[in-house]
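User: I'd like to go through the labels on this model one by one and hear what stands behind each. Can you walk me through them?

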Amino acid sequence: MNKNKIIDKSSDSYKLNRGLMWIGSAILLISAVYMIILKTLNDYITIAVLLGALIIISSFFSYIGMYNPKDERLLKIGTTSATWSWFTTLGFICFLLFSGFYSNRQFQSTELFGLVIFVMVSTMLVANTYYSLKGDVE
């Protein structure tokens, strides 16, 4: 009986942290699009980025299944999603550096920051959703 309550409690904690992760990601994605389009940063966007990052940081390990994992599948899916996010963002940054150098285009720091945030967060969310719907990581 107590074991079921523990499982239910960890399941509720996972659902809460998953919801927080999506809220924090939405805040970051909206802020990133604002920075990309307007190429500027103001007090409100700075606070939004910090708030979104704080929410993501506080729920990240639970979201990817490393904190009190409900099952091994969640840990594999979350770790793979975070790895793909990092790998894709690294490749994207290298592509931006290369294309900016040869096209003589100078990116503004807020524009680059917005692009990096957008690519990193969206890649992690898409990969996690894809692998969760697929059921497992091969």
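Predicted model: local features only at pLDDT ≥ 70, side-chain atom pairs only at ≥ 80, totals over all residues.

User: What makes α3 roughly antiparallel to α4?

Analyst: The axes of α3 (residues 72-103) and α4 (residues 109-134) cross at roughly 150° and come within 8 Å. Angles over 145 degrees count as roughly antiparallel, under 35 as roughly parallel, 65 to 115 as roughly perpendicular and the rest as oblique, so α3 is roughly antiparallel to α4. The axes are lines fitted to C-alpha atoms over the stretch in contact, with angles running from 0 to 180 degrees between N-to-C directions.

User: What residue classes make up the contact of α3 with α4?

Analyst: There are 14 nonpolar, 9 polar and 1 charged residues in the contact of α3 with α4. Here Ala, Val, Leu, Ile, Met, Phe, Trp, Tyr, Cys and Pro count as nonpolar, Asp, Glu, Lys and Arg as charged, and the others, Gly among them, as polar.

User: And why are α2 and α4 called roughly parallel?

Analyst: α2 and α4 pack at an angle of about 30°, with axes 14 Å apart. That angle falls in the parallel class, so the pair is roughly parallel. The crossing of α2 and α4 is left-handed.

User: How many helices and strands does the protein have?

Analyst: 4 helices and 0 strands, in the order α-α-α-α along the sequence. Helices (H or I, at least four residues) and strands (E, at least two) are DSSP runs, numbered from the N terminus.

User: How do you know that the span of α3 agrees with what its residues should give?

Analyst: The expected span is 1.5 Å times one less than the number of residues. With 32 residues, α3 should span 46 Å, and its end C-alpha atoms are 46 Å apart, so the two agree. For α4, with 26 residues, the reach from first C-alpha to last is 37 Å, close to the expected 38 Å.

User: Why is S59 called buried?

Analyst: Buried means under 20% relative accessible area, exposed over 50%, and partly exposed in between (1.4 Å probe, protein chains only). S59, in helix α2 (residues 43-63), sits at 0% and therefore counts as buried. The S59 side chain also reaches the backbone oxygen of I55 at 2.9 Å. Buried residues of α3 include L74, I77 and L96.

User: Where do K39, N104 and S109 fall on that scale?

Analyst: K39, in the loop between α1 (2-38) and α2, is partly exposed, with 33%. N104, in the loop between α3 and α4, counts as exposed at 70%. S109, in helix α4, counts as exposed at 60%.

User: What is phi of K39 and of N104?

Analyst: K39 has phi near 55°, a positive value in a residue other than glycine. Phi of N104 is near 55° and positive, again in a residue other than glycine.

How values were computed: Residues numbered from 1 in each chain as written. Heavy atoms only, no water. Polar contact = N/O pair within 3.5 Å; in protein donor to acceptor, adjacent residues only side chain to side chain. Left-handed = near helix turned anticlockwise from the far one by under 90°.
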